[in-house]
Structures are given as C-alpha cells and as structure tokens.
Amino acid sequence: MGQKAIEIIEEGNLNKKELLEKLQRAYADECLAYIQYWEGARLPVGIMRTKLVEEMQEHANEELEHANLIAKRIMELGATPIVGPQEWLKKSTCGYLEPMDSNIMVLLEQNISSERCAMEVYRELADFTRGKDDITYKLAVKILEEETEHEQDLEDIRNDMEKIDS
Ligand code: FE
Ligand code: FE
Ligand code: MG
C-alpha cells in the first residue's frame with residue numbers, strides 16, 4: 001500500500017471508496033474479457049478463421065494486461081483485487097458473453113458489444129478521475145484507447161466478412 005499515493009487521492013477530493021469500487025468492477029470486467037477471448041479463440045469456423053483467431057488471441061493477452069494494470073492500481077491504493085470468477089461475475093459491468101457459437105459473425109457481434117461496454121466503463125472512469133487522480137486517469141485513457149482499437153479491429157473483420165457474403 002502506498003501511503004502517499006492514498007494521501008494524493010484524498011487531497012484530490014476523490015472518494016477513495018468509490019474509486020476503489022470502480023477499479024474492482026473494471027478489474028472484474030477485464031478478467032472476464034480475457035476469458036471470453038481466450039475461450040472464444042478456439043471456436044471460429046470458416047473463412048477468416050485464421051485472422052479472427054489471431055486477433056482474439058491478441059486481444060485476450062491485452063485484456064489480461066489491462067487486468068494486471070488495474071490490479072496494480074488497486075494495490076497502490078491499499079486494497080486487494082477481488083478474487084475468483086464468482087466475484088468477477090457479481091461485480092462486472094459488462095458481464096460474460098459465453099462463446100458458444102462457432103459462427104464468426106456471432107463471435108464478432110458478441111465481442112464488439114463487449115468492447116463497446118468496456119469503452120463506456122473507461123470513459124466513465126476517466127470522467128471520474130480527471131483532474132483528481134492523474135495516475136488512474138492516465139490508465140483509464142490508455143485502456144480506453146486500446147478498447148477503441150479492439151472495437152475497430154473486430155469491425156474491420158466484420159466488414160471484410162460482409163464483402164465476402166455479397
Ligand atoms: Fe480491456
Ligand atoms: Fe478490449
Ligand atoms: Mg487487435
């Protein structure tokens with residue numbers, strides 16, 4: 001726990017409890033996002049399979065990295081990241097969309113909607129911390145940037161798929 005780190009938050013007029021709650025929820029989202037991509041990457045069948053599998057594996061790694069970055073921030077603020085899938089599901093904002101369908105369009109839609117949800121989460125976290133907690137703010141913006149890239153990557157594949165169909 002970083003004592004000065006906590007003082008800075010308190011001097012910034014941020015409610016530390018509320019900030020930690022938002023970070024725990026974002027952590028839960030990232031753990032589930034990681035699993036959703038990691039499991040989902042085994043499913044795609046059909047044309048574009050290789051491209052989508054590669055992209056999903058890459059995104060899985062990036063979601064795991066987000067989880068690690070948020071866990072680090074939670075710990076700096078004197079708390080411990082919540083533990084275990086049941087807690088993740090309870091706290092998560094974006095939930096877990098079970099990858100059950102090997103259809104590429106279905107997988108794309110699921111993950112695009114999860115990315116959009118994640119973008120909302122980080123926009124909100126950035127709004128909450130702007131001018132009050134520079135470190136969490138920077139982190140939120142950095143992750144928001146990567147979720148934006150994820151949405152774009154998946155939309156690109158979906159657009160290519162639509163070209164093939166027509
Ligand atoms: Fe993420
Ligand atoms: Fe993402
Ligand atoms: Mg990508």
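Which helix does glutamate 149 lie in? Everything here is a predicted model, in which local features need pLDDT of at least 70, side-chain atom pairs count only at pLDDT 80 or more, and totals for chains, interfaces and linings use all residues. Residues are numbered from 1 along each chain as its sequence is written, while chains are lettered from A and ligands numbered from 1 in the order in which they are written.

View 1. The average pLDDT (the predictor's confidence in each residue, from 0 to 100) is 95, and 98% of the residues score at least 70. Helices here are DSSP runs of H or I with at least four residues, numbered from the N terminus.

**View 2. H2 against H5.** Helix H2 (residues 16-40) packs on helix H5 (residues 104-129) at about 160 degrees, with the axes 11 Å apart; axes are lines fitted to C-alpha atoms over the stretch in contact, and angles run from 0 to 180 degrees between N-to-C directions. So the pair is roughly antiparallel (an angle over 145 degrees). On the H2 side you'll find Lys22, Ala26, Asp29, Ala33, Gln36, Tyr37 and Gly40, meeting Leu107, Asn111, Ser114, Ala118, Val121, Leu125 and Phe128 of H5. Sorted by type, the residues of this contact come out as eight nonpolar, four polar and two charged (Ala, Val, Leu, Ile, Met, Phe, Trp, Tyr, Cys and Pro are nonpolar, Asp, Glu, Lys and Arg charged, and the others, Gly among them, polar).

**View 3. Glutamate 30 in helix H2.** Glutamate 30 counts as buried because it has 27 C-beta neighbours inside 10 Å (buried takes 20 or more, exposed 12 or fewer, partly exposed in between, with C-beta atoms placed from the backbone). Skip its neighbours within four places in sequence, and glutamate 30 is in contact with Glu63, His66, Ala67 and Ile70 (contact puts the C-beta atoms within 7 Å). Alanine 118 is 88 residues away in sequence but 8.6 Å from glutamate 30 in space, C-alpha to C-alpha.

**View 4. Glutamate 149 in helix H6 (residues 134-165).** This glutamate 149 counts as partly exposed, because 13 C-beta neighbours sit inside 10 Å. Leucine 77 is 72 residues from glutamate 149 in sequence and 28 Å in space, C-alpha to C-alpha.

**View 5. Methionine 48 in the loop between H2 and helix H3 (49-76).** Phi of methionine 48 is near 80 degrees, a positive value in a residue other than glycine. With 18 C-beta neighbours inside 10 Å, methionine 48 counts as partly exposed.

How values were computed:
Helices (H or I, at least four residues) and strands (E, at least two) are DSSP runs, numbered from the N terminus. Angles under 35 degrees count as roughly parallel, over 145 as roughly antiparallel, 65 to 115 as roughly perpendicular and the rest as oblique. Two residues are in contact if their C-beta atoms, placed from the backbone, lie within 7 Å.
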